[in-house]
Amino acid sequence: MHRLEMTVRCGREAERVSTALYRFLELRLSNAGELAGHAEIVSEPSGQWERKRITLWSEAAARDFAEFLRVF
């Protein structure tokens, strides 16, 4: 398991990160049952900012997601 952490603005930017993760997972995993133990997102809002902790099944998956998010 590998974790990415980022702080983004609440609202559209935070929603964009979450949406990108869900889309990335749709493309990578064949069914919803594979999500258990393979991916997790935790969001902690604080004022106008939101801390996102995204845990994925491998370092390679985390790297791929970071690139996917960059172009999303």
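**Figure 1. Pairing of strand 1 with strand 3.** Strand 1 and strand 3 run antiparallel and are joined by 8 bridges. Two strands are taken to pair if DSSP finds at least two bridges between them. Helices (H or I, at least four residues) and strands (E, at least two) are DSSP runs, numbered from the N terminus. Opposite R9 stands W49 of strand 3. The model is predicted: local features need pLDDT of at least 70 and side-chain atom pairs count only at pLDDT 80 or more, whereas totals for chains, interfaces and linings use all residues. Residues are numbered from 1 along each chain as its sequence is written, and side-chain values use heavy atoms, with hydrogens and water left out.

**Figure 2. The hairpin of strands 2 and 3.** Strand 2 (residues 39-46) pairs with strand 3 in the antiparallel sense over 8 bridges. The bridge partner of S43 in strand 3 is K52. The two strands form a hairpin with 2 residues between them, and G47 in the turn has a positive phi of about 65°.

Figure 3. R53 lies in strand 3. Its side chain is joined to that of E44 by a polar contact of 3.0 Å (a pair of N or O atoms within 3.5 Å; within protein, one must be able to donate a hydrogen and the other to accept it, and residues adjacent in sequence count only if both atoms are side-chain atoms). With neighbours within four places in sequence left aside, R53 is in contact (heavy atoms within 4.5 Å) with R3, L4, E5, E40, I41, V42 and E44. Buried means under 20% relative accessible area and exposed over 50%, with partly exposed in between (1.4 Å probe, protein chains only).

**Figure 4. The largest nonpolar core.** This core has 17 residues, and I54, L56 and F65 have the most contacts inside it. A nonpolar core is a set of buried Ala, Val, Leu, Ile, Met, Phe, Trp, Tyr and Cys residues joined through side-chain atoms within 4.5 Å. Strand 1 (2-9), helix 1 (12-28), strand 3 (49-56) and helix 2 (59-71) each supply at least two of its residues. Helix 1 gives the most, with 6 residues.

Figure 5. The buried residues of helix 2 are A61, A62, F65, F68 and L69. They fall within an arc of 120° seen down the axis, so they line one face of the helix (the arc is that of the directions from the helix axis to the C-beta atoms). These buried residues pack against strand 1, helix 1 and strand 3. The face turned away carries the exposed residues R63, R70 and V71.
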